[in-house]
Amino acid sequence: MAQALPDNADFSDEEEVSLLDQNFNKASDYVRKITSNLNNNQLLELYGLYKQSTEGICNTPKPGWLDGKGRKKWEAWKCLGEMPSEEAKQKYIDLVQKHDPNCELAVQNTSRESWAAVSSLQHDIEPELIHKDMSLLDAAREDMAELVKELLTENPLLKDYKDEDGLSALHWAADRDSISALVAALEGGCDVNAVDTFGQTALHYAASCGHVKSTQILIDFGAEIIKDNDDCTPLDVAADDEVRKILESAAS
C-alpha cells in the first residue's frame with residue numbers, strides 16, 4: 001500500500017499529514033449528525049472509505065449469505081482495492097462535504113494533498129472513532145457490550161431497530177454467540193421474542209447454531225418457544241443435545 005515519495009517531498013512538512021488527519025477525524029465525527037439524511041448507497045460509500053482509511057486494504061473474508069448487510073459493507077470496502085489510506089481519507093472528507101456543505105473542518109484543505117496521498121506515514125485511529133462508525137447491530141455482532149449499552153442509553157428507540165432482513169440486535173448476538181452483547185441488549189430493553197422476516201426469534205438462531213450459553217440466557221430472559229413461518233420451533237431446529245435439553249426443560 002505504501003508508495004515512494006515524490007522527489008520533491010519535504011519531510012519537514014509533516015504538518016500536512018496531521019492536517020489531513022484532523023480533517024478526516026472531524027468529518028468522521030460529523031457523519032453521525034447527518035446519518036438520517038443519507039441513503040443506503042451514500043452510507044455504504046462512506047463506510048468503505050472509512051475502513052480503507054483506518055484499516056487499509058480489505059483482507060477479511062466475505063460474509064456469508066445470511067449476513068446481507070455485512071456483505072454489502074464488505075463489498076463497499078473491497079471495491080477500493082489498493083487505494084492508499086491517505087487518498088481514502090481525502091475522498092471521505094470530500095464526500096462528507098459534498099453531502100453536507102455545512103460540515104466545518106478543523107482546517108481548510110491544503111493545496112499539497114498530493115504529498116499526503118502518497119505518504120507511507122500512518123495514523124493510529126483511536127477506538128472511539130471506530131465505534132462511531134458502528135451501529136447497534138454491528139456492536140451486537142462484535143460482542144461489544146459497552147457500546148451496546150451506550151447506544152441504547154443514548155437512544156432507547158434503537159431497541160426496536162432491525163435490518164432489512166428483520167434481524168434485531170438480539171438476532172445478531174445470538175447468531176454469533178456474543179454473550180456479553182446479548183445480555184446488554186436484553187437488559188437494554190430489546191424484545192426477547194422479536195421475529196425476523198421468516199418469523200424466527202433470536203432463540204431460533206441460538207438453537208440452530210448450537211450456542212448453549214446464548215440459548216440459556218434467552219430462556220432466562222423469558223424467550224418463548226415460538227413457531228416460525230415454516231411451523232418450526234427453536235426445538236425443531238436445535239443443533240446440539242445440550243441446547244435441546246434446555247429447550248425441552250423450558251417447554252415442559
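Which residues form one aromatic cluster? The members are F24, Y50 and Y92. The model here is predicted, with local features needing pLDDT of at least 70 and side-chain atom pairs counting only at pLDDT 80 or more, while totals for chains, interfaces and linings use all residues. Residues are numbered from 1 along each chain as its sequence is written, and side-chain values use heavy atoms, with hydrogens and water left out.

Rings of Phe, Tyr and Trp (its six-membered ring) are taken as a pair if their centres lie within 6.5 Å; planes under 30 degrees apart make the pair stacked, over 60 edge-to-face, and the rest tilted. By this rule there are 3 aromatic pairs. The rings of F24 and Y50 have centres 5.6 Å apart and planes at 25°, so this pair is stacked. F24 belongs to helix α1 (residues 15–34) and Y50 to helix α2, so the pair ties together parts 26 residues apart in sequence. Helices here are DSSP runs (H or I, at least four residues), numbered from the N terminus. F24 and Y50 are both buried, where buried means under 20% relative accessible area with a 1.4 Å probe, protein chains only.

Next comes the second largest pocket, which holds about 530 Å³ of space. A pocket is an open set of points on a 1 Å grid over the protein atoms alone, where a 1.4 Å probe fits, with protein on both sides within 12 Å along at least five of seven lines; lining residues have an atom within 4 Å of a point. The volume is the space filled by probe spheres set on the points. Of the 24 lining residues, the closest to the pocket centre are Y47, K51, K73, R141 and E142. Helix α2 gives the most to the lining, with 5 residues. The lining splits into 10 nonpolar, 4 polar and 10 charged residues, with Asp, Glu, Lys and Arg counting as charged, Ala, Val, Leu, Ile, Met, Phe, Trp, Tyr, Cys and Pro as nonpolar, and the others, Gly among them, as polar.

What about K51 itself? K51 lies in helix α2 and counts as buried because its relative accessibility is 14%. Leaving aside neighbours within four places in sequence, K51 is in contact (heavy atoms within 4.5 Å) with G56 and W77. W77 is one of the buried residues of α3, as is K73, and the buried residues of α3 pack against α2 and α7.

Methods
Helix = DSSP H or I, 4+ residues; strand = E, 2+ residues; numbered from the N terminus. Buried < 20%, exposed > 50% of the residue type's maximum accessible area, 1.4 Å probe, protein only.
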